[in-house]
Amino acid sequence: GLLESSARDLPARHHSIRAVFDHSWKLLTETEQIALRRLSVFQGGFRREAALEVADVSLTILASLVDKSFLSLTPTGRYRRHPLIIQYAQEKLSDFPEEKVHMEERHGLYYLHFLQEKDKHLRTLKRKETFKLVDEDFPNIRAAWNWAIRETRADALKNTMDPLTNYFMMVRRLE
C-alpha cells in the first residue's frame with residue numbers, strides 16, 4: 001500500500017509496485033518466469049554455478065534476466081536482486097508448493113555441501129580467498145542450516161558442524 005500512487009493520469013500498470021511487477025512478469029517467457037521463481041530460494045546473491053546446480057538456470061537465462069533488470073551482475077561474478085523482486089518471486093514460488101519444497105531441498109543440500117568443500121581450503125594457503133567465498137554466501141549457508149533443522153536432516157547438520165566451527169574460528173582470528 002505504501003508504494004501505490006493516487007495519480008489518475010498513470011496507466012494501471014504503474015499504480016503500484018505490484019502492478020509494475022505483474023506487468024513485467026507477464027512480459028517474461030515461461031522459462032524466465034520459472035527461473036526467476038526458482039532463484040528466489042537464494043538469500044542475498046548467488047553465483048552462476050549455484051544457479052545452474054540448484055535451480056537449473058542456464059547462463060543464457062541469467063543473461064536474459066540481467067538484460068530485463070530482474071538480476072544484476074556484480075564485478076565479482078555474483079548475481080543480485082532487489083529485495084522487492086525477491087519477495088515477489090518468492091510469492092510466485094509459493095504458488096507451486098511441490099516445486100518450492102524441491103528448490104529448498106536442492107538449495108539446502110547444495111550449500112551444506114559447499115560449506116564442506118570449502119572447509120578443506122580454510123586450513124590451506126587459499127584460506128583468505130576461501131573465507132571470502134564462504135562469507136559472501138553465508139546468508140545461503142544459514143538458510144541451508146535452517147532448512148536442515150526444519151526438515152530434521154541431522155546427517156547433513158552433523159557433516160557441516162566442523163566446517164562451520166572452522167569458519168567461525170577464522171572469523172574470530174580476522175577480527
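Helices here are DSSP runs of H or I spanning at least four residues, numbered from the N terminus. One of them, H6, covers residues 97–119 and holds Glu99. Keep in mind that this is a predicted model.

Let's stay with Glu99 for a moment. Buried means under 20% relative accessible area, and Glu99, at 12% relative accessibility, counts as buried. So what does its side chain pair up with? A polar contact of 2.6 Å links it to the side chain of Arg37. Setting aside neighbours within four places in sequence, Glu99 touches Arg37 along with Ile34, Arg38 and Leu93.

Now over to the nonpolar side of things. The largest nonpolar core counts 43 residues, and Leu39, Phe46 and Leu65 have the most contacts inside it. Helix H8, residues 138–150, supplies the largest share of this core, with six residues. Take Leu39 and skip its neighbours within four places in sequence: its contacts include Phe46 and Leu65, and also Ala51, Ala55, Val57, Leu62, Leu71 and Arg81.

Leu62 and Leu65 bring us to helix H4, residues 59–67, where they are buried together with Ile61 and Ser64. Looking down the axis of H4, these buried residues fall within an arc of 160 degrees, so they line one face of the helix.

What do the buried residues of H4 pack against? Their partners are helices H2 (30–39) and H3 (48–55), plus strands S1 (46–47) and S3 (78–80). Just past the end of H4, Ser69 adopts a positive phi of about 65 degrees.

Notes. Residues are numbered from 1 along each chain as its sequence is written. This is a predicted model: local features need pLDDT of at least 70, side-chain atom pairs count only at pLDDT 80 or more; totals for chains, interfaces and linings use all residues. Side-chain values use heavy atoms; hydrogens and water are left out. A nonpolar core is a set of buried Ala, Val, Leu, Ile, Met, Phe, Trp, Tyr and Cys residues joined through side-chain atoms within 4.5 Å. Buried means under 20% relative accessible area, exposed over 50%, partly exposed in between (1.4 Å probe, protein chains only). Helices (H or I, at least four residues) and strands (E, at least two) are DSSP runs, numbered from the N terminus. Contact means heavy atoms within 4.5 Å. The arc is that of the directions from the helix axis to the C-beta atoms. A polar contact is a pair of N or O atoms within 3.5 Å; within protein, one must be able to donate a hydrogen and the other to accept it, and residues adjacent in sequence count only if both atoms are side-chain atoms.
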